[in-house]
Amino acid sequence: MPIHNRPHPLKKCRTFRNKDIEQRRTFLKEAGICFKCCASSLHIARDCEETIHCSDCGSNRHVTALHPGPSPHYQQRPSSLQNDGGEQLENTTASVASACTEVCDGRLGGRSCAKICMVKVYPENREAEAMKVYAVMDEQSNGTLAKSQLFDQLNLQCNTAPYTLRTCSGTTETTGRAASNLFIESLDGSVKLRLPTVRECELIPDDRKEIPSPAVARHHPHLKQIADKIPAVDPDVPILLLLGRDILRVHKVRDQINGSHEAPYAQCLDLGWVIVGETCLGTAHRPSNTSVFKTNVLRNGRPSYYTPCTNSMSVSAGYKMVPDVDVLGQSVFQKTKDDEKQAASIEDLAFLNLMDKEVHQDKTTVGWRLFHSNH
């Protein structure tokens with residue numbers, strides 16, 4: 001009989017939903033109810049063929065009633081409760097802090113590269129099943145995280161556990177799978193490392209525009225020498241992994257190319273070369289298509305088919321204004337002959353205004369005489 005057509009063994013149990021997770025497991029065990037579907041006492045979990053779904057984490061291994069830990073949609077308690085004598089939740093399993101920050105603003109149009117490497121990941125003794133992913137190197141995180149897609153594609157059989165995630169936006173009580181049998185390998189196979197416990201998290205930054213590429217290296221003279229050491233960006237390889245300080249070796253710099261103070265720099269890590277920093281080419285962005293019928297004029301007056309970068313600013317001083325032409329920003333620092341003269345005070349302006357409106361000359365007498373219009 002389908003699961004939705006037969007009486008639910010827990011339907012009449014009003015206290016089941018008020019029990020904690022261990023009490024619920026004990027109740028199911030004593031009642032002989034299947035731990036997987038919680039809907040039958042005629043079979044056990046390993047023989048259960050029902051299709052289930054946890055509405056909290058999406059797992060197909062337990063129902064929502066047996067979800068371990070609080071819901072991922074749990075709302076953070078106000079900080080005042082923690083500092084002023086209120087309750088404070090304590091996590092007995094794990095705590096992950098990630099300070100990875102990205103500022104999103106439609107006015108910022110520049111491209112910036114980050115520490116992102118293409119690597120191979122696979123479970124222990126299953127190297128033939130290795131999959132390519134992009135890994136974000138985040139030394140501000142104390143734990144290693146991975147998206148659900150990595151767990152699913154590698155078919156990892158692991159337990160789900162709650163943990164605390166602290167980011168710039170606050171603290172969140174969440175839950176996810178935890179894998180401790182994964183290996184990571186550089187593309188050339190020269191470095192192979194066992195990963196620490198990897199926790200499931202969907203909040204990993206995945207801006208593909210930040211992936212370093214050979215083209216970026218070739219467009220900067222001081223980085224041309226490593227252009228052939230950076231793999232081309234593969235659109236089919238997702239960003240699924242964030243490597244924190246718990247795998248310290250991948251963050252150590254073996255070689256570095258600096259360039260000028262404002263230029264992007266490159267670092268050689270055990271997993272490959274990365275480029276860090278703003279990669280605009282002289283405050284201009286190279287277009288994907290070039291047309292000889294369209295030309296841009298840069299701020300220095302030079303024509304170019306490159307698009308001027310919107311993430312730059314220049315200030316001009318002593319710009320000569322054209323009569324009757326008001327161009328925004330051109331007269332900000334324009335100098336005049338009256339710049340050094342002392343301006344009239346508010347009282348001076350009030351007096352002059354009074355004289356203009358209420359005092360006039362009287363020609364009826366000999367000479368000229370000033371008097372108030374109200375007299």
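Ser186 lies in strand β8, in a model that is predicted rather than experimental. Helices (H or I, at least four residues) and strands (E, at least two) are DSSP runs, numbered from the N terminus. The protein chain has five helices and 20 strands. Of its 375 residues, 34% are buried, where buried means under 20% relative accessible area, exposed over 50%, and partly exposed in between (1.4 Å probe, protein chains only). Among contacts between residues at least 6 apart in sequence, 58% join residues at least 24 apart; contact means heavy atoms within 4.5 Å.

Residues are numbered from 1 along each chain as its sequence is written, and side-chain values use heavy atoms, with hydrogens and water left out. Because the model is predicted, local features need pLDDT of at least 70 and side-chain atom pairs count only at pLDDT 80 or more, whereas totals for chains, interfaces and linings use all residues.

- Ser186 is buried, with a relative accessible area of 2%.
- The side chain of Ser186 makes a polar contact with that of Asp188 at 2.7 Å. A polar contact is a pair of N or O atoms within 3.5 Å; within protein, one must be able to donate a hydrogen and the other to accept it, and residues adjacent in sequence count only if both atoms are side-chain atoms.
- When neighbours within four places in sequence are left aside, Ser186 is in contact with Lys120, Val191, Asp270 and Leu271.
- Ser40 is found in the loop between α1 (21-31) and α2 (79-83), and counts as buried at 5% relative accessibility.
- From Ser40, the side chain reaches the backbone nitrogen of Leu42 at 3.0 Å.

**The aromatic pair**

- A search of the whole structure finds one aromatic pair. Tyr122 and Phe183 form this pair, which is stacked, with 6.2 Å centre to centre and 10° between the planes.
- Rings of Phe, Tyr and Trp (its six-membered ring) pair if their centres lie within 6.5 Å; planes under 30 degrees apart count as stacked, over 60 as edge-to-face and the rest as tilted.
- Tyr122 lies in strand β3 (residues 116-123) and Phe183 in strand β8 (residues 182-186), so the pair ties together parts that are 61 residues apart in sequence.
- Both residues are buried: Tyr122 has a relative accessible area of 2%, and Phe183 one of 14%.
- Over the ring of Phe183 sits the charged end of Lys192, 5.5 Å from the ring centre. A charge sits over a ring if NZ of Lys or CZ of Arg is within 6 Å of the ring centre and within 35 degrees of the ring normal.

**Nonpolar cores**

- The largest nonpolar core has 28 residues, and those with the most contacts inside it are Leu150, Ile184, Leu241 and Leu243. Such a core is a set of buried Ala, Val, Leu, Ile, Met, Phe, Trp, Tyr and Cys residues joined through side-chain atoms within 4.5 Å.
- At least two residues of this core come from each of β3, β4 (131-137), α3 (148-153), β8 and β11 (239-243). The largest share, four residues, is supplied by β4.
- Apart from this core lies another, of twelve residues, among them Cys113, Val216, Ala217 and Ile226.
- Leu241 is found in strand β11 and counts as buried at 1% relative accessibility.
- Not counting residues up to four places away in sequence, Leu241 touches a set of residues including Val121, Val133, Ala146, Ile184, Leu195 and Ile204.
- The C-alpha atoms of Leu241 and Val119 are separated by 9.6 Å, although the two residues are 122 residues apart along the chain.

**The four-stranded sheet**

- An open sheet of four strands has the order β2-β14-β13-β12, with antiparallel pairing. Two strands pair if DSSP finds at least two bridges between them.
- β2 and β12 (255-257) are the edge strands, and each pairs on one side only.
- Strand β2 (residues 112-113) pairs with β14 over two bridges, and Ser112 has Glu278 in β14 as its bridge partner.
- Strand β13 (residues 265-269) is joined to β14 by five bridges, with Gln267 standing opposite Val274. The two strands form a hairpin with two residues between them.
- Three bridges join β12 to β13; the bridge partner of Asp255 in β13 is Cys268.
- Five of the seven residues of strand β14 (residues 272-278) are buried, so this strand is largely enclosed by the rest of the structure.
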